[in-house]
Amino acid sequence: MKQYSNRHIFFFLSPALSAIFIFFFIPVIIAFILSFTDFDIYSLAEFSRLRFVGFTNYRILLADNIFWQALLNTFYFVFLATPLSIGASLSMALLINLRLLKFKSFFRLSFFIPVITTLVAVAIVWRFIYNPRFGLINYFLSLIHLPAVDWLGDPFWAMPAIILMSVWKSFGYNMIIFLAGLQSIPENLYEAANVEGASSWQTFRYVTLPMLRPTMVFVGLMTLIGSFQIFAEPYIMTQGGPLNKTLTIVQYMYESGFRWWRMGYSAALAFILFTIILLFTLVQLQIRKRLSA
Amino acid sequence: MHHRAEKQPGFRKSGFGLLQISWLLLLVLATSCTKQTTGITEISLWALGAEGENVQYLLDDFYKQYPDIRVKVQMVPWTAAQEKLITSYASNNLPDVFQIGNTWIPQFAMLKAITPLNDFLPASSLSAEDYFPGIWQTNLLDTLVYGIPWYIDTRVMFYRTDLLHDVGWERPPQNWDELLRLSQQLRQHFGKKEKYALYLPTNEWASFVIFGLQNGAGLLGENNSFGHFSDPRFESAFSYLMQYHQQGLAPLGISQVTNVYQALADTFIVMYLSGPWNVREFKNWMKGDLADKWMTAPLPGPDSTYPGLSLAGGSSLVINQESGHKKAAWQFIEFLSQTETQLKFYKLVNDLPSRRAAWDDPLLRNDPYMAAFYQQFYHVAPTPKVPEWEQIAFSLIQRYAEFAARGVYPVDECLRRLDLEVDRVLEKRRWMLAMETKE
């Protein structure tokens, strides 16, 4: 009887499953095989020019300075942008959730607008903000007699500049999710805390934060994965420069694959990125388990 | 009456059914034959960027000459053009005729995506002699002609005549020593102001390759299968250019110049090596008082030969190897290559005509900014004809030019590393050459 009902389930699931299988699993498997070949523009012309090269792609990658630079940049971005983005969105959500605040929907809207604005338009505006000669930021710096900085042209400042812009662009999305989380906390918990005489910090620490934990895990995981896949912001703002200081793994992958048609190499890169993201997700889930245990 | 009326509907019914079917059949037959019976051939064309937007305005003239051909135009943006064309090749979706940058010809010829045009040429009004020799060369692999130059470009020097005059120069520099001396004089003239003599961005590989070619460097060696950038001829050209960055004669960061037209208008920079696509923009920006304060000049050479070499650029028209309408496609290419069509296109999009005859027209001859281009087109050379060239130029040369300009490594170390990476990119090519010799 049990077997019969199982089959039934698969029958109804099969359209969705076959779509996932054809458009997701098969390409992933092919990409995995590709990463052990030297598939390139020559192989596109004639399939006989395809060579199985074993782990050569991976070996070359590990010896590739640009790869390490891109990996370092990506980690730099992830470990700065993720906490910043979560911090910014949580604090904005808390502020908007305050009962005293007026014009709530106005603030909610204005913080959310960057999320839905086209990235290219945003990038052009920010390039002007960062312009070393006419930019807004350097204008403010000059008011307090600080020297001008070539934000996007200086190897040291380019990545922080990208991170700032990227956090500004994306925190509104998480803010909305946090807001939903905050609003689902039962009011009687706060009333109880109030009756017990808890300070506002204590209320936040012992009521709000624990109740927000599921939201936090979701937001943290999604932001982390999203940050690892950072591509468009640096690609539009700096094209990876100066001195490759804003080149990210995904941009390197895109260039090797779709500009230079080194598909094998690019596929190997993709699987390294996949492994890294998988590891970090597992670690984060493990931490969550420990915390809730 | 009554009987007939009763009978007729039944008869009509079945008769109508039969008729309907036969009509339908006829209709189907007729529509499927239209193309052959009316003799209209439809060819598809993909053109890039501004060319793609404007080529439609030429079609009416074409239909007058060839009433039995129709052209379907699709515009492909330049930024993703190469990716799109290659993916279309992979899915067998290329159009009959398309436009490609002439440096992509080796790639598409290797893919066998484009067909040699040698068979069409003898019976046609077009011949190699109509074109600038250096430009024609880029369309040639051994003896096979793969593309017909549509419009052409090359790099010349854009400069501010008033600032050159201020430091005592009434003519543009004609060799490397003069260019450097002039730049140093401009530097002194500017004093402490943050202004620069030459704009030499490291994300434009052309300048670095041009000065190497001028100095006789081969760029790639041994049948284009190894990097040859450590060669003394390339190295001395490369170090020569790096002096501009080391001595503060050229701005280091590319982000400092967000708008090169404004930079020249503000004299943030005085000289810039660029192509004809910028002429119209500079005319727009240099208005009023500034209108007569800039000019174009051919590139300086390493020694007394003037002008020095520049790059043979531009776009060519090619025919899809798989096209079923090669003849019509060729007729369309012939039409686009007519002098009058090219001049009309020049008025539309400012693309410089590839036919030398078109340059006799007053439209080009009386434009003072065009003289430098005309002179320069007789001194142009192609880049190495290997499919990997785009990657070598955009990814590797630009990266190491930036490393050298910012002093991350000394010049010789940069070039040694550049060669190593180029060798790695060319590994597949070496393997294929070895296979060919084995066969």
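Chain B is split by the domain assignment into domain 1 (41–153 + 312–377) and domain 2 (156–311 + 385–438). Such bounds come from an automatic or database domain assignment. The model is predicted: local features need pLDDT of at least 70, side-chain atom pairs count only at pLDDT 80 or more, and totals for chains, interfaces and linings use all residues. Residues are numbered from 1 along each chain as its sequence is written, while chains are lettered from A and ligands numbered from 1 in the order in which they are written.

Take the two domains of chain B. Their centres, taken over C-alpha atoms, are separated by 28 Å. The contact draws 15 residues from domain 1 and 18 residues from domain 2 of chain B. Contact between two residues requires C-beta atoms, placed from the backbone, within 7 Å. On the domain 1 side, helix H5 (105–110) and helix H16 (370–377) of chain B each supply at least two residues. H16(B) gives the largest share of that side, 4 residues. Helices here are DSSP runs (H or I, at least four residues), as are strands (E, at least two), numbered from the N terminus. By class, the side of domain 1 of chain B that touches domain 2 has 8 nonpolar, 6 polar and 1 charged residues. Ala, Val, Leu, Ile, Met, Phe, Trp, Tyr, Cys and Pro count as nonpolar; Asp, Glu, Lys and Arg count as charged; the others, Gly among them, count as polar.

Next, the sheet. Chain B has an open sheet of 6 strands with mixed pairing, in the order S2-S1-S3-S14-S6-S15. Strand S2 (69–76) and strand S15 (352–353) of chain B stand at the edges, each with a single partner strand, so one side of each lacks a neighbour in the sheet. Two strands pair if DSSP finds at least two bridges between them. Strand S3 (residues 97–101) and strand S14 (residues 313–319) of chain B pair in the antiparallel sense over 5 bridges. Val97(B) has Ile319(B) as its bridge partner in S14(B).

Now the helix packing. Two packed helices are described by the angle between their axes and the distance between the axes. Axes are lines fitted to C-alpha atoms, for helices over the stretch in contact, and angles run from 0 to 180 degrees between N-to-C directions. Helix H9 (residues 205–214) of chain B packs on H10(B) at an angle of about 130°, with axes 8 Å apart. That makes H9(B) oblique to H10(B). Angles under 35 degrees count as roughly parallel, over 145 as roughly antiparallel, 65 to 115 as roughly perpendicular and the rest as oblique. Ser207(B), Phe208(B), Phe211(B), Gly212(B) and Gln214(B) in H9(B) meet Phe234(B), Ala237(B), Phe238(B), Tyr240(B) and Leu241(B) in H10(B). By class, this contact has 7 nonpolar, 3 polar and no charged residues.

Helix H10 (residues 232–246) of chain B also packs with helix H18 (residues 411–425) of chain B, at about 125° and with axes 10 Å apart. H10(B) is therefore oblique to H18(B). Glu235(B), Phe238(B), Ser239(B) and Met242(B) in H10(B) meet Val411(B), Asp412(B) and Leu415(B) in H18(B). This contact has 4 nonpolar, 1 polar and 2 charged residues.

Last, the chain interface. Chain A places 21 residues in contact with 20 residues of chain B. Helix H2 (41–45) and helix H12 (249–259) of chain A each supply at least two residues of the chain A side. H2(A) provides the largest share of that side, 4 residues.
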